[in-house]
Amino acid sequence: MFPDPLEHAANAGERMDWLLKFPQLDPDWLLTAKRAIDGSLKALTRSYGQSIEDFFYPLLQVLIFFENVMANAPWPLIVIAAGALAWFASRRWAEVAGVVATLAVIGLLGLWVDSMKTISLVLSATIFSVAIGIPLGIVMNRYRRLGAGMKGALDVMQTMPPFVYLIPVVMLLGIGRVPGFIAVVIYAVPPIIRLTDLGIRLVDKEMLEAADAFGCSPSQKLWKVQMPLAIPTVMAGINQTIMMALGMVVIASMIGVQGLGLNVLQAIANQYFTQGIFNGFAIVGIAIIFDRISQAYGRRLQKHRGASHD
Amino acid sequence: MTKSQTSIEIRNLYKIFGAHPEAHVEAVRRGMSKEELGARHSHILGLNDINISMPAGKIQVIMGLSGSGKSTLIRHINRLIEPTWGEIVIGGQNVLEMSETELRDFRRTGTAMVFQKFALLPHRTVIDNVTFGLEVRGVDAAAARATGLRWIERVGLKGFENRYPNELSGGMQQRVGLARALSNDTSILLMDEAYSALDPLIRTDMQTMLLDLQKELGKTIVFITHDLDEALRLGDQIVILRDGSIVQQGNSQDILLNPADDYIQRFIKDVNRGRYIRVASVIEPASESALPQVPAEMMLEDAVKVLSDAAASAANVIDAAGRIIGAVTLRTIMSVL
């Protein structure tokens with residue numbers, strides 16, 4: 001037992017002690033438990049670390065490939081591609097000009113390569129999140145009881161401070177791209193799952209009735225009616241996922257993810273104010289590009305959903 | 001196209017909404033009232049002992065105010081709502097005994113439905129909405145398109161195939177809804193307050209279109225409405241519902257001339273009777289031959305016009321073959337109106 005300051009202060013006696021001090025599990029027992037859990041996790045890492053790494057090796061190759069494509073591509077190509085994407089999504093020149101100008105400023109500040117690394121990780125994490133998030137959202141919608149359990153898990157994932165789940169990821173996989181990627185996906189996937197579920201739930205009851213009345217099978221109903229009508233909400237989820245991924249990429253620099261986040265981390269450690277602010281602005285710029293493109297695309301998809309011109 | 005041979009028989013149909021509907025069905029069958037069921041067991045009596053025999057190839061109107069159970073009733077025919085008790089026999093087959101696959105098949109090929117708020121898919125063009133039922137059924141895309149285009153033209157929307165629903169007015173959207181239902185070429189057409197959301201003039205146009213189509217198609221149509229004029233105009237047979245029970249059923253002449261109770265009486269008070277009562281309904285024995293002639297199917301409104309044009313106080317009534325089958329006097333007409 002550790003000496004308790006309260007005990008000394010409240011010398012009046014031990015009668016009030018139980019009221020002032022919250023009953024705690026035996027500290028020795030807690031310590032043993034913590035040691036046991038950490039120990040077994042470490043043992044797990046020691047015995048399976050290599051096979052876990054082997055398992056994720058293909059993922060690592062994909063991530064490296066993406067990063068090389070983005071970082072080594074001729075810069076005019078990237079600018080043109082980004083501009084074309086903005087045009088395709090919004091059909092407005094103002095959006096294209098904004099995207100190109102933002103990229104130009106990032107490049108002029110000397111942050112081109114770091115930005116490309118960040119963008120490539122955000123993009124690959126987003127693609128992966130969408131690929132697993134939409135099916136999970138559908139599952140969550142269809143199986144209500146399982147969905148309730150998933151909702152609890154998502155709540156935990158979203159409120160747990162991200163630094164905490166960096167720990168097991170690092171213990172199992174060390175530092176580098178793959179653990180960074182996994183941490184980003186865990187952080188970014190909840191919105192897309194939730195909003196896919198929500199989007200399907202928000203589909204008009206009368207539409208579902210029409211689908212039933214025409215004899216849709218459950219899968220026809222899902223793919224011909226529910227999913228198309230849920231798309232605007234799903235797009236909002238994708239937008240959220242991108243933003244969360246971008247936020248997490250900065251935090252994941254603590255476990256060896258390269259890019260703009262690492263520069264910010266260095267700037268904090270060394271009190272380089274200007275470096276911090278430049279990189280910070282580059283991140284904001286990238287966030288705005290992603291946000292505008294995905295929102296404009298979402299809006300265009302909804303062109304025919306407005307109120308009737310009756 | 002051949003006239004539909006499919007009749008719909010609804011027998012002893014009960015629907016109770018609530019946590020344990022089965023537990024109360026016996027009490028309701030023994031005569032427990034809607035109020036008592038609601039107050040003592042907090043269950044809602046949706047439909048109470050409904051018996052209707054809907055003839056094949058005719059328009060059956062189900063009329064009632066909101067809360068009368070009419071929309072619940074039509075949804076029992078394709079089993080969008082499961083009944084608590086009763087039988088629905090369509091073309092000799094009991095809908096309630098169908099397995100899930102049989103039911104899906106029945107919905108695909110046996111019935112088509114038109115909805116009050118259209119229920120068009122906003123992400124699909126007019127043609128893609130119209131062919132939805134065929135697509136669900138697995139009809140080849142080119143064939144479905146050809147059928148769809150034919151019906152789009154038939155409902156007067158040629159040239160709008162590639163528009164989206166929100167680019168169309170309410171009346172046009174419901175034409176799309178009708179074309180979607182007709183494309184399925186089913187013998188039964190279910191219309192759930194299909195015209196209630198439309199402006200009066202457009203509503204009249206749509207009623208005319210439906211009557212024209214029906215002359216050609218002879219489908220078994222179940223038409224739900226809360227508008228008595230619409231019911232009288234369209235219905236070969238009319239059922240009037242109140243609080244989930246049938247108050248009266250019969251054709252328009254029965255309802256106008258022999259209202260079952262005060263409720264129906266109040267209902268028909270403000271209707272222009274001359275427009276819906278036929279000469280045949282007020283016929284008397286013929287006495288003279290030198291009178292103007294009116295067909296038996298003519299509405300009183302028009303007969304009055306014939307009489308006043310001829311400055312006569314009576315007319316002879318002739319049947320479709322032109323034979324005199326009776327007479328009608330201005331005095332009787334006026335007493336009925």
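Which residue takes a positive phi in the hairpin of β9(B) and β10(B)? In this predicted model, Asp243(B) takes a positive phi near 50° in that hairpin, which has two residues between the strands. Helices (H or I, at least four residues) and strands (E, at least two) are DSSP runs, numbered from the N terminus, and two strands pair if DSSP finds at least two bridges between them. Residues are numbered from 1 along each chain as its sequence is written, while chains are lettered from A and ligands numbered from 1 in the order in which they are written. Because the model is predicted, local features need pLDDT of at least 70 and side-chain atom pairs count only at pLDDT 80 or more, whereas totals for chains, interfaces and linings use all residues.

**Confidence**

- The predictor gives the complex an ipTM of 0.86 and a pTM of 0.83.
- Chain B averages a pLDDT of 89, with 99% of the residues scoring at least 70; pLDDT is the predictor's confidence in each residue, from 0 to 100.

**Annotated regions**

- UniProt positions are given in the numbering used here, feature names are shortened, and annotations may be inferred rather than shown by experiment.
- In chain A, the UniProt annotation "domain: ABC transmembrane type-1" (unreviewed entry) covers residues 115-294, a span that is 87% helix and 0% strand, with its end C-alpha atoms 19 Å apart.
- In chain B, UniProt lists residues 32-268 for "domain: ABC transporter" (unreviewed entry); over these residues the chain is 43% helix and 22% strand, and the end C-alpha atoms are 29 Å apart.
- UniProt also places "domain: CBS" (unreviewed entry) at residues 286-337 of chain B, where the chain is 33% helix and 27% strand and the end C-alpha atoms are 21 Å apart.

**Where chain A touches chain B**

- Counting two residues as in contact if their C-beta atoms, placed from the backbone, lie within 7 Å, 21 residues of chain A are in contact with 22 residues of chain B.
- On the side of chain A that touches chain B, α10 (205-213) and α11 (218-251) of chain A each supply at least two residues, and α10(A) gives the most, with six residues.
- By class, this side of chain A has nine nonpolar, seven polar and five charged residues, where Ala, Val, Leu, Ile, Met, Phe, Trp, Tyr, Cys and Pro count as nonpolar, Asp, Glu, Lys and Arg as charged, and the others, Gly among them, as polar.

**Strands β3, β9 and β10 of chain B**

- Strand β3 (residues 59-63) of chain B pairs with β9(B) in the parallel sense over four bridges, and Met63(B) stands opposite Ile240(B) in β9(B).
- Asp243(B) lies in the loop between β9 (237-242) and β10 (245-250) of chain B, and it counts as partly exposed, with 18 C-beta neighbours inside 10 Å; a residue is buried if 20 or more other C-beta atoms lie within 10 Å of its own, exposed if 12 or fewer, and partly exposed in between, with C-beta atoms placed from the backbone.

**Two further residues of chain B**

- Arg79(B), in the loop between α3 (70-77) and β4 (85-90) of chain B, has a positive phi near 60° although it is a residue other than glycine, and Arg79(B) is partly exposed, with 18 other C-beta atoms within 10 Å.
- Ile255(B), found in helix α11 (residues 252-257) of chain B, is buried, with 26 other C-beta atoms within 10 Å.
- Leaving aside neighbours within four places in sequence, Ile255(B) is in contact with Ile238(B), Gln248(B), Gly250(B), Ile264(B) and Ile268(B).

**The sheet of β11, β12 and β13 in chain B**

- Three strands of chain B form an open sheet in the order β11-β12-β13, with mixed pairing.
- β11 (293-295) and β13 (324-329) of chain B stand at the edges, each with a single partner strand, so one side of each is left without a neighbour in the sheet.
- β11(B) and strand β12 (residues 314-318) of chain B run parallel and are joined by three bridges, and Pro295(B) stands opposite Ile318(B) in β12(B).
- Helix α13 (residues 300-309) of chain B lies across β11, β12 and β13 of chain B, running at about 125° to β12(B); axes are lines fitted to C-alpha atoms, for helices over the stretch in contact, and angles run from 0 to 180 degrees between N-to-C directions.
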